[in-house]
Amino acid sequence: MSNAAPFSTRRPTDWATPAMQSRVRRRYRAERRFRLLGLAAVTLSGAFLLFLLGSMLLRGAGGFLETRVAMPIDFARASLDVDPRRLQGRAADLALAGAGLEGAVDDAAVAAFGPDLGGRILSDGAWLRVREAIKDDPSVLSRRVVMSLPVASPIDVAAKGPGSVEAEAVVASLRSGDLLSTGLNREFLLSADSTDPTRAGIWGALKGSILTMLVTLLLAFPIGLLAALYLEEYAPKNRWTDLIEVSINNLAAVPSIIFGLLGLALFLGTFGLPRSAPLVGGLTLALLTMPVIVIASRNAIKAVPPSIRDAALGVGASPIQVVFHHVLPLALPGILTGTIIGMARALGETAPLLMIGMRAFIAAPPDGITDPATVLPVQVFLWSDEVGRGFVEKTSAAIVVLLVFLLAMNALAIHLRNRFETRW
Amino acid sequence: MSNHPPKITATHVNVWYGAKKAIDDVSIDIDQDSVTALIGPSGCGKSTFLRTLNRMNDTVANARVQGDIRLDGEDIYSPDMDVVQLRARVGMVFQKPNPFPKSIYENVAYGPRIHGLASSRSELEGIVQTSLKRAGLWEEVKDRLSDSGTALSGGQQQRLCIARAIAVDPEVILMDEPCSALDPIATAKIEELIHALKGRYAIAIVTHNMQQAARVSQRTAFFHLGQLVEYGATTEIFTNPREERTRDYITGRYG
Amino acid sequence: MNEHTVKAFDADIGELRGLISQMGGLAEEQIGKAMLALQRGDRALATQVRAEDKAIDAIEAEVERLAVRIIALRAPLANDLREVVAALKIASVLERIGDYAKNIAKRVPLIDDTGDRIEPISVLPAMGRMASEMVHDALDAFAARDSDAAVRVCESDTALDDFYDSIFRTLVTFMVENPRTISQVAHLLFVAKNLERIGDHAGNVAEMVYFAATGTQIADRLPAKS
């Protein structure tokens, strides 16, 4: 049997003919074109990302800042009836409020800026700053001091950019008196939602998100991982497992709002869990995240070379030892990547949480997973709906916080992944 | 050849993959103190047969084994047989060197550890050292036991795999084309190692390299299309095979 | 027999067999010529025989070279291996046979010196033909890989031995009766011995052919060969 074809009948290829040359040139051109297209795609997506981040940072930056006005307060004249001994510890807040501090601050504002402007220049929360200052140093109560206090929202808006005509005029006059200053709005990072944009904070939503994510992770990761392991390592390959596989793939593609409805019906309706709670949000998002984790984990497990399994089986490892000693450690980086993707999706999810009532106005950060709470994307959604102009920058600032949270989560996951990878 | 009863007796073994018959009525005895080579063209079932001897075929979906395979007279396909224990008794070395992506020490220590063969750390270290010595790798790796096993050269990796296999002190070692991915020097080292291990372990080796089968084995089985064509002393098979199919294969006349 | 998958292997084996055949033919021819020279007292022919022995030596060297190359490059096994080994040994045997023919030719001038005919010289060509035939048969068996023919060659060696015994007695008797011719007849005795050795060597070739063809030694098959 001879496979060798006779060579002599064909003329040797002439690579120098014009047709050949132009074919080569065409090939190189196609190559270049393709590379440029790819580069253009990368540049475009990079530009989008930059634009998004840039505009959010630019617009959100104001949300982290507050405008303050310098205002003299003469505590000696305000005749606050406070027992200095009560200014220690917890009772101080109550004592100062009871002594009419809020009114004293308002009076001081009227005294400083006149009856018209004095009534609306300060933020509703300004007197709280005064309270903190007194608690820090009770001796001010006997003196006249000048304090920088946060201004009301319309003036704040005008100070940072174009505002109403009236507020612009106030800002201009204050600027000429060099009374305005800008500082970090610590309250934004430390407090919860409020109807007054100068007092609204992101911490409540951030904490809500963290708690929700914790619940989601604790549920979706182990369940998704176990399901993936079972399907890959143990389940027989038959029509039923095929059906399960198809169902999981479909589940990953189901619109998230449907999960919200499911959560509403199941967790709130059937199980009677508390409305608006991170527990329910976490459960709902776990439903959403699990298929993603299962699919990613299965792929990662599939990618473990069979030779490693053979090697372990060959020295007499039991199936469970093969899985936990060899397959899982090797698949973990891939599984973690899938989990990050799933969690990131869950973190940005709004629709299903609206369905289970996490859109309520919650003025206090949640203390546990059963307390009413909201989450970052919902907070963004809520603030973007607000009429007050002060909320515009708050919305952007909330988005920045959301993005930072996302990046932090990804960074943590990448760090974990690298650590697991270098272990081998 | 030997006065002992055979280590493994396989009688009338048939293997199916789904509807396809991969092994057709094969009967072979594997002796305790000799090396048995399984040769034959690709797809002839020699690897499949080898893998039935420690039930590695269990992991292949829809593989079905019929017939009687006995290790020291014990039916390895009986429901009472513990597969995990069987694989500890019948170790395996694979075609592609497949060390775990762990340290050299961990590779060798893994088997003894999961089977609880060492009661203390020092005992485990002793096992690792003996196994590496027996596999002829000790001198090359003794100063870097904590290096990754995958950082070794191909030949060293394969010897590491052999060390890993003998660390659990098996009775039989099955080798599935252990040198097919190695250069001639590494191959020679493995062959020398097989020589050194002969007698202590019953060894069955699948190989495509006939010279290798001739060099390392005392008995040779020629498989063709799932059947055992000829089984006999290696010298006989390679100088004067009885069957025409064997002769055509080993002399390079195979279609 | 099927062809090898590697065609060049077949070509090599073919070349080796061709060389052996060629060598055998030459050896046969040398025996014939030497006997003819002896019979006729043809010194020129005898000289030619002595010269042509070099050709056989050259072919033997060629066979050795080729056989070593095949072993090194093709790693022959089973019947291929046996055939190469047999060819190697047959070549050296044929070279010996050539040497015997040369040896016979060397004696031609020594015997032909005297004027009187030595009668027993007339039976030697028959023995020469018989030995030559054995060589011929052995090589035919090699060409055909015919183990039965090889066995027949070995068996016919007994007849040649008997022939030698009778010639030996005849020549000794002749020497006793004609003491003058003792030196020439002694040469004839050597010629006869050479022919007997050629027969033995032909038997050796046949044994090799048998081994190459069957993988077993012919001794197992021919019990009690004297």
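Q: Where is A:Ser276 found?
A: In this predicted model, A:Ser276 is in the loop between α11 (256–270) and α12 (278–302) of chain A.

Q: Buried or exposed, A:Ser276?
A: A:Ser276 counts as buried because it has 22 C-beta neighbours inside 10 Å, and 20 or more is the cut-off for that class.

Q: Switching to chain C. What about phi of C:Arg145?
A: Phi of C:Arg145 is near 50°, again a positive value in a residue that is not glycine.

Q: And where does C:Arg145 lie?
A: C:Arg145 lies in the loop of chain C between α4 (124–144) and α5 (147–177).

Q: Now the contact of chain A with chain B. How many residues does it take from each?
A: The contact takes 15 residues from chain A and 22 residues from chain B.

Q: Which elements of chain A give two or more residues to that side?
A: They are α13 (306–314) and α14 (319–347) of chain A.

Q: Which one gives the most?
A: α13(A), with six residues.

Q: How do the residues on that side of chain A divide by type?
A: Seven are nonpolar, six are polar and two are charged on the side of chain A that touches chain B.

Notes: Residues numbered from 1 in each chain as written. Chains lettered and ligands numbered in written order. Predicted model: local features only at pLDDT ≥ 70, side-chain atom pairs only at ≥ 80, totals over all residues. Contact = placed C-beta atoms within 7 Å. Helix = DSSP H or I, 4+ residues; strand = E, 2+ residues; numbered from the N terminus. Nonpolar A, V, L, I, M, F, W, Y, C, P; charged D, E, K, R; others polar. Buried ≥ 20, exposed ≤ 12 C-beta atoms within 10 Å, placed from the backbone.
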